[in-house]
Amino acid sequence: MRGRGEEQPSRGEQIQAAEREAAKRRLLEQAEAERVPIEDTTRAVPDRRWRRDR
């Protein structure tokens, strides 16, 4: 018989852990696919046309 600290995770817990890992991998893959390289970004410049003196 096993002691309390040596119990194996139940089948349901194992499935949930595997699903969490798969979801994490999908999120990381999606984030990597959507990532924009720093070279492709431009520095934000304020648009001050509306402030011109009249």
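**Side chains and surface**

A: In this predicted model, K24 is partly exposed, its relative accessible area coming to 46%.

Q: Which side chain does K24 meet in a salt bridge?

A: K24 meets the side chain of E21, and the N to O distance in this salt bridge is 3.4 Å.

Q: And how many residues apart are E21 and K24 in helix 1?

A: They are three residues apart in helix 1, which covers residues 11–34, so about one helical turn separates E21 from K24.

Q: Is E21 buried, partly exposed or exposed?

A: E21 is partly exposed, with a relative accessible area of 39%.

Q: How many salt bridges are there in total?

A: The count comes to two salt bridges, and besides the pair of E21 and K24 there is one between the side chains of E32 and R35, with an N to O distance of 3.3 Å.

Q: What about the exposure of E32 and R35?

A: E32 is partly exposed at a relative accessible area of 47%, whereas R35, at 52%, is exposed, because the cut-off for exposed is over 50%.

Q: Changing topic, what is the secondary structure of the protein?

A: The protein has one helix and zero strands, and that helix, helix 1, runs over residues 11–34.

Q: What share of the residues counts as buried?

A: Of the 54 residues in the protein, 0% count as buried, where buried would require a relative accessible area under 20%.

Q: And how much accessible surface does the protein have?

A: The accessible surface is about 6,000 Å², and carbon and sulfur atoms account for 50% of that surface.

Methods:
Residues are numbered from 1 along each chain as its sequence is written. This is a predicted model: local features need pLDDT of at least 70, side-chain atom pairs count only at pLDDT 80 or more; totals for chains, interfaces and linings use all residues. Side-chain values use heavy atoms; hydrogens and water are left out. Helices (H or I, at least four residues) and strands (E, at least two) are DSSP runs, numbered from the N terminus. Buried means under 20% relative accessible area, exposed over 50%, partly exposed in between (1.4 Å probe, protein chains only). Accessible areas come from the Shrake-Rupley method with a 1.4 Å probe; for residues, only the protein chains shown count as cover. A salt bridge is a side-chain nitrogen of Lys or Arg within 4 Å of a carboxyl oxygen of Asp or Glu.
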